[in-house]
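User: Please take a close look at one part of this structure and describe how it is put together. Then place that part in its wider setting, for someone who has not seen the structure before.

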Amino acid sequence: MIDITPVRQMLQADGVDAELIGSDDAVGTARLRLVIDDAECAECVMPRPFLEALALKLLRETNPGLTAVYIEDPREQ
Amino acid sequence: MAPSEPPAPPTGAAAAGPMPPPAPTQTGAPAAHPTIRVYLPDSAPGPTPAALAVSPGSLAGLRIAVLDNGKPNAATVMTRAAETLAGRTGATVALVTKKGPQGMSANAAIPVAPDVFDRVVAEADVVITGAADCGSCTAYTVHDAIELEKAGRPAVVVTTTRFEVIAATLSDSFGLAETRRLVLPHPIGGTDEPTLHRWADAAADRLISLFTQGTVA
């Protein structure tokens with residue numbers, strides 16, 4: 001189980017959160033869902049591509065085999 | 001710009017295509033295929049490494065621009081900081097502008113408008129930009145500052161304690177880890193003007209250091 005605390009802390013600065021919805025250790029991927037239900041400013045949260053790049057950078061520090069992070073962003077639905 | 005991490009270099013990777021038949025061994029039995037890893041060639045390129053602009057030895061006689069992303073109180077605190085800095089150093093506040101087209105508006109969640117960028121580069125020697133006090137505005141403030149550094153204009157990102165780490169992480173991801181960052185208390189928006197002025201006045205020494213040395217002494 002990947003610990004996504006660093007990503008959650010980053011997002012919580014904007015009043016939003018994330019949850020881990022899946023991971024594939026063989027491929028080195030993780031899937032997160034952005035939780036912005038109570039956000040006062042959804043636009044304040046970084047665009048998904050930025051979030052994915054930063055999440056990968058943060059999570060790689062403790063999961064060096066990680067190659068990609070995908071984020072479901074409700075703002076795009 | 002799409003910040004992303006480049007994948008590991010595909011050392012030893014083979015091009016996709018049909019495998020040739022295995023060469024027979026001296027005993028006549030087919031040799032086992034070696035393991036070949038094929039990497040998808042469709043990842044985005046990593047950031048282009050950038051460097052800080054040359055730091056001036058002194059701010060005397062230089063022109064300061066304030067590039068405002070429209071966040072609440074951003075212009076107030078940055079303009080005051082620029083004025084205080086000018087008073088301390090002999091520089092002048094040459095330009096205060098929002099980052100949207102013609103400087104008439106600002107959206108903190110997009111890059112600086114090209115015409116405003118060109119004007120800042122033409123009319124200023126150093127730049128104070130922000131406020132980087134939300135995720136999106138931090139991303140684009142850092143982006144703008146790096147572009148200004150590339151254009152030879154030392155640029156200080158005004159961020160807050162809550163977004164300090166995010167600004168540093170984004171700077172690294174965007175190819176310039178050592179962006180000049182002035183960290184103020186959080187929040188800037190919602191803080192009364194006398195307090196903002198006090199923060200700005202207290203930042204003068206750090207701004208001088210950031211502009212002339214690239215870091216806070």
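Analyst: In this predicted model, helix α3 (residues 135-150) of chain B and helix α4 (residues 164-173) of chain B have axes that come within 9 Å and cross at roughly 50°. That angle makes α3(B) oblique to α4(B), where angles under 35 degrees count as roughly parallel, over 145 as roughly antiparallel, 65 to 115 as roughly perpendicular, and the rest as oblique. The axes are lines fitted to C-alpha atoms, for helices over the stretch in contact, and the angles run from 0 to 180 degrees between N-to-C directions. Helices (H or I, at least four residues) and strands (E, at least two) are DSSP runs, numbered from the N terminus.

On the α3(B) side the contact (heavy atoms within 4.5 Å) is made by B:Thr138, B:Ala139, B:Val142 and B:Ile146. On the α4(B) side, B:Ile166, B:Ala167, B:Leu170 and B:Ser171 take part. By class, the residues of this contact are six nonpolar, two polar and no charged. Here Ala, Val, Leu, Ile, Met, Phe, Trp, Tyr, Cys and Pro count as nonpolar, Asp, Glu, Lys and Arg as charged, and the others, Gly among them, as polar.

Residues are numbered from 1 along each chain as its sequence is written, and chains are lettered from A and ligands numbered from 1 in the order in which they are written. Local features need pLDDT of at least 70 and side-chain atom pairs count only at pLDDT 80 or more, while totals for chains, interfaces and linings use all residues, and side-chain values use heavy atoms, with hydrogens and water left out.

Chain B also holds a disulfide (a pair of cysteine sulfur atoms within 2.5 Å). B:Cys134 and B:Cys137 form this bond, with their sulfur atoms 2.5 Å apart. The count over all chains is one disulfide. Both of its cysteines, B:Cys134 and B:Cys137, are buried, where buried means under 20% relative accessible area, exposed over 50% and partly exposed in between, with a 1.4 Å probe and protein chains only.

Chain B has 217 residues, of which 46% count as buried. Of its contacts between residues at least 6 apart in sequence, 73% join residues at least 24 apart.

Most residues other than glycine have a negative phi, and most peptide bonds are trans. In chain B, a cis peptide bond joins B:Gly130 and B:Ala131, with omega about 10°, and B:Ala131 lies in strand β3 (residues 126-132). Another cis peptide bond links B:His186 to B:Pro187, with omega about 0°; B:Pro187 sits in the loop between β5 and α5.

The loop between β5 (180-184) and α5 (193-202) of chain B also contains B:Gly189. B:Gly189 counts as partly exposed, at 24% relative accessibility. Its contacts, leaving aside neighbours within four places in sequence, are B:Pro72, B:Asn73 and B:Asp133. B:Asp133 is 56 residues from B:Gly189 in sequence, yet their C-alpha atoms are 8.6 Å apart.

B:Asn73 has a positive phi of about 70° although it is not a glycine. B:Asn73 belongs to the loop between β1 (63-68) and α1 (74-89) of chain B and is partly exposed, with a relative accessible area of 25%. B:Gln102, also not a glycine, has a positive phi near 60°. B:Gln102 lies in the loop between β2 (92-98) and α2 (114-123) of chain B and is exposed, at 58% relative accessible area.

Helix α1 (residues 5-12) of chain A packs with α2(A) at an angle of about 135°, their axes 8 Å apart. This makes α1(A) oblique to α2(A), and their crossing is right-handed. From α1(A), A:Pro6, A:Val7, A:Met10 and A:Leu11 meet A:Leu51, A:Leu54, A:Ala55, A:Leu58 and A:Leu59 of α2(A). This contact has nine nonpolar, no polar and no charged residues.

A:Leu51, found in α2 (residues 48-60) of chain A, is buried, with a relative accessible area of 1%. Not counting residues up to four places away in sequence, A:Leu51 touches A:Met10, A:Leu11, A:Leu34, A:Val45, A:Met46, A:Ile71 and A:Arg75.

Note on methods
Left-handed = near helix turned anticlockwise from the far one by under 90°.
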